[in-house]
Amino acid sequence: RETRRFLAFDLGAESGRAVVGSIKEDRLALTEIYRFPTGGTKINNHLYWDVLGFYSQLLAGLKKYVSEYGSDLDGIGVDAWGVDFGLLDKRGNLLGNPYHYRDAKNEGTMAIIDKKLGLRELYNLTGIQLLQINTVNQLVAMVRDEDPLLPAAENILFIGDLFHYFFTGVKAVEHTVASISQLYNTVTDDWEKKVFAALGIPSKITTRLIRAGDVIGPLKGELAEEVGLNEVPVIAPAVHDTASAAVAVPAVEDEGWAFLNSGTWSIVGLELDSPVINDRSYEMNISNSGGAFNRILYLKNVMGLWIIQCCKRIWNKKHPSLSYQEIASLAQGAAPFVAFIDPDDPAFLNPVDATAAVAAYCCRTGQAEVDKDDIGTISRIVFESLALKYRYVLERLMEATGSKVKVLHITGGGSNNELLNEFTASALGIKVTAGPVEATAIGNIMLQATGAGLYRSLPEIRRIIRNSFEIKEYLPEEREVWEKAYERFVRIIEEKG
Ligand code: LFR
């Protein structure tokens, strides 16, 4: 066969997608063949992921593939958001439902970690930003709560790894997703047993590590038969979605670039050859997360479009048909620079009513009274604040590494938001490019293709991506106005009570 085909499953916090990548000569063509909603499930005060439901959806995606392309396929790989995990018992069965990282049990875990190990020591050992959502915090909560699942657990598998296991029966954890758990040492490239020991987390749960591009095993015979596929290898992408997306950044080497993968989270980062773990990176709480091809993704999480997703849910009660598109156009029509929020304020981690949380932040910081039902104003505040926060974070990434960024490449679903792209270029005062939207699925596919022997390096892959997808460019406008806005923004987020 001339055309090689790989199927990427990309699971996000809002939706899961099955995307077919067809590779012929130096071009990649993408087709989304299946999509389903994800999102958390709340039961009795805990927030979970319905992974068995997702699994049925993945099988439906495989069947859809067969109905459209036939029984031949060169590879299957799953990526997902990081930090969340399933635990397997000694017979290899899944224990309970994986918790959602926004579950409230993680509150109070930083103080425990600080007491038992020291936050600085945790950072020194792992090089990962301290965030309440991290795997280590979730496990510390389970230890604190004497969760009976933990003593019964023999293996930890992150969400994408879990589906690889369901597909193949092989227990393996891919290194990029292990790296952001904060149970992993990026320098020694292995699980960090000191963290387990200090925090009382059973280290027997550590699972064999693999790298992006490794063949995990064939899709189980009975599954292949059920969905109608011939024998097909399951090949690990970067299971951490952000690391798969980073592969698909249309960057030219040495142009002085940063990336922003924009989705539920906005991840702002630089690609480095080795980790930077020092006082500055600790103070600025920057992650040295593992990347494919042995790169380090030096990055920070910004709360991102999650805030808009939460606002939309509230507005949709009164305006059921309100779309993201309409939200953006209402924002465009609203008055500029009315007030700012710090998107990373804890008030926005899991708000009951995000529109009220935005209004309350503006009021509490003495900026303005805003009406929570004013869709244009609230969303404009969020978009402007995101753009300004990107600059704030990017300045810190540059300062800690002494590098100069000349272009920011925005990828992911959020790169569709033209207004936010314009704001970002203006806030940063540099050129911004947007696309590809499906960077994560593309990275997933290209890493599978690498495992299948098609490619050997990142520059080679990125050349094909630039060759295959349209990339838009945005240049800064109204520089002075945005400079002033930035000064105001910094004052507000640094002084807030
Ligand atoms: C993005 C992402 C981030 C991670 C967050 C929570 O989808 O994977 O990289 O910090 O979700 O897992």
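Trainee: Through how many residues does a hairpin join β16 to β17?

Mentor: Through 3 residues. Before going on, note two things. Residues are numbered from 1 along each chain as its sequence is written. This is a predicted model, where local features need pLDDT of at least 70, side-chain atom pairs count only at pLDDT 80 or more, and totals for chains, interfaces and linings use all residues.

Trainee: What counts as a strand or a helix?

Mentor: Both are DSSP runs, numbered from the N terminus: helices are H or I with at least four residues, strands are E with at least two. Strand β16 covers residues 257–262. Strand β17 covers residues 266–272.

Trainee: In which sense do β16 and β17 pair?

Mentor: The general idea comes first. Strands of a sheet pair through backbone hydrogen bonds, either parallel or antiparallel. Two strands count as paired if DSSP finds at least two bridges between them. Here, β16 and β17 pair in the antiparallel sense, over 4 bridges. Leu260 has Val268 of β17 as its bridge partner.

Trainee: In which sense do β16 and β20 pair?

Mentor: In the parallel sense, over 5 bridges. Phe259 stands opposite His409 in β20.

Trainee: Why is β16 largely enclosed by the rest of the structure?

Mentor: Because 6 of its 6 residues are buried. A residue is buried if 20 or more other C-beta atoms, placed from the backbone, lie within 10 Å of its own; it is exposed at 12 or fewer, and partly exposed in between. Both faces of β16 are covered. Trp257, Phe259 and Asn261 are on one side. Ala258, Leu260 and Ser262 are on the other.

Trainee: In what order do the 3 strands of the open sheet with β7 stand?

Mentor: The order is β8-β7-β9, with antiparallel pairing. The edge strands are β8 (94–95) and β9 (155–158), each pairing on one side only. Strand β7 holds residues 85–88 and pairs with β9 over 4 bridges. In β9, Ile156 is the bridge partner of Leu87, and Asn155 is that of Leu88.

Trainee: How many bridges join β7 to β8?

Mentor: 2 bridges. Leu88 stands opposite Leu94 in β8. The hairpin of β7 and β8 has 5 residues between the strands, and Gly92 takes a positive phi near 90° there. Both faces of β7 are covered: Phe85 and Leu87 are buried on one side, Gly86 and Leu88 on the other.

Trainee: Which residues around the ligand come nearest?

Mentor: A residue is near a molecule or strand if its C-beta atom, placed from the backbone, lies within 6 Å of it. There are 13 residues around the ligand, and the nearest are Trp81, Gly82, Val83, Thr242 and Trp265.

Trainee: Which residues have the most contacts inside the largest nonpolar core?

Mentor: A nonpolar core is a set of buried Ala, Val, Leu, Ile, Met, Phe, Trp, Tyr and Cys residues joined through C-beta atoms within 7 Å. The largest core here has 151 residues. Val247, Val268, Ile307, Val358, Ile381, Val382 and Tyr390 have the most contacts inside it. Helix α15 (residues 375–401) gives the largest share of this core, 13 residues.

Trainee: Where is the place of Val382?

Mentor: In helix α15. Val382 is buried, with 27 other C-beta atoms within 10 Å. Two residues are in contact if their C-beta atoms, placed from the backbone, lie within 7 Å. Leaving aside neighbours within four places in sequence, Val382 is in contact with Ile307, Ile308, Ile341 and Val358.

Trainee: In which loop does Gly412 lie?

Mentor: In the loop between β20 (407–411) and α16 (418–428). Gly412 is buried, because 29 other C-beta atoms lie within 10 Å. Gly412 and Ala439 are 27 residues apart along the chain, yet their C-alpha atoms are separated by 5.6 Å.

Trainee: How many of the residues of α16 are buried?

Mentor: 9 of 11, leaving α16 mostly covered. The buried residues pack against α15, β20, β21 (431–434), β22 (472–474) and α19 (479–495). Gly429 follows α16 and has a positive phi, near 70°.
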